Amino acid sequence: QVQLVESGGGLVQPGGSLRLSCAASGNIRTVYDMQWNRQAPGKQRELVANITNRGKTTYVDSVKGRFTISRDNAKNTVYLQMNSLKPEDTANYYCTSVIRDLAGRLQDYWGQGTQVTVSS
């Protein structure tokens, strides 16, 4: 069994920073793309950032220049460094990943989410 566990959310003032982490564990053979998504109340889920297992990154326009996605392949962990946070960044942030398990099955996995609240 494979699971993703996020950490690092919380309450921060506008202009502040937070760093999210998401660790994949279990019967893992290969971790491919790792992503951060977010969903705010009353809004659609949004893909925030993606990183391939070779380190290529993409971002939604609203976070470019403020957020940085990175990963540690040895630890099967992805990070999201969030700087210059704005109230509109408030959301539940989910880690997702495409993973091949030891049985050879390729699946999308989701973490449980971590809340980020940007407010004064």
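Two strands are said to pair if DSSP finds at least two bridges between them, and a strand is a DSSP run of E with at least two residues, while a helix is a run of H or I with at least four residues, each numbered from the N terminus. The model shown is predicted, so local features need pLDDT of at least 70 and side-chain atom pairs count only at pLDDT 80 or more, whereas totals for chains, interfaces and linings use all residues. Residues are numbered from 1 along each chain as its sequence is written, and side-chain values use heavy atoms, with hydrogens and water left out.

**View 1. Strand 1 beside strand 3, and strand 3 beside strand 8.** Strand 1 and strand 3 are antiparallel and are joined over six bridges; within this pair, Leu 4 faces Ala 24 of strand 3. Strand 3 (residues 18-26) is also joined by six bridges to strand 8 (residues 77-82), again in the antiparallel sense. Here Ala 23 has Thr 77 as its bridge partner in strand 8, and Ser 21 stands opposite Tyr 79.

**View 2. Strand 4 and its two antiparallel partners.** Strand 4 (residues 28-39) is joined to strand 9 (residues 91-101) by nine bridges, and Asn 37 has Tyr 94 as its bridge partner in strand 9. Five bridges join strand 4 to strand 5 (residues 46-51), with Gln 35 opposite Asn 50. The hairpin of strand 4 and strand 5 has six residues between the strands, and in it Gly 42 takes a positive phi near 80°.

**View 3. The surroundings of Arg 29.** Arg 29 lies in strand 4 and, leaving aside neighbours within four places in sequence, is in contact (heavy atoms within 4.5 Å) with Arg 100, Asp 101, Leu 102, Ala 103 and Gly 104. Arg 29 and Leu 85 are 56 residues apart in sequence, and their C-alpha atoms are 35 Å apart in space.

**View 4. Phe 67 and the largest nonpolar core.** A nonpolar core is a set of buried Ala, Val, Leu, Ile, Met, Phe, Trp, Tyr and Cys residues joined through side-chain atoms within 4.5 Å; buried means under 20% relative accessible area, with a 1.4 Å probe and protein chains only. The largest such core holds 29 residues, of which Trp 36, Phe 67, Val 78, Leu 80, Met 82, Tyr 93 and Ile 99 touch the most other members. Among the strands that each supply at least two residues of this core are strand 1, strand 7 and strand 11 (114-118).

**View 5. The whole chain, for orientation.** The protein chain has zero helices and 11 strands, and buried residues make up 41% of its 120 residues. Along its principal axes the C-alpha trace spans about 50 × 25 × 25 Å.

Notes
Buried < 20%, exposed > 50% of the residue type's maximum accessible area, 1.4 Å probe, protein only.
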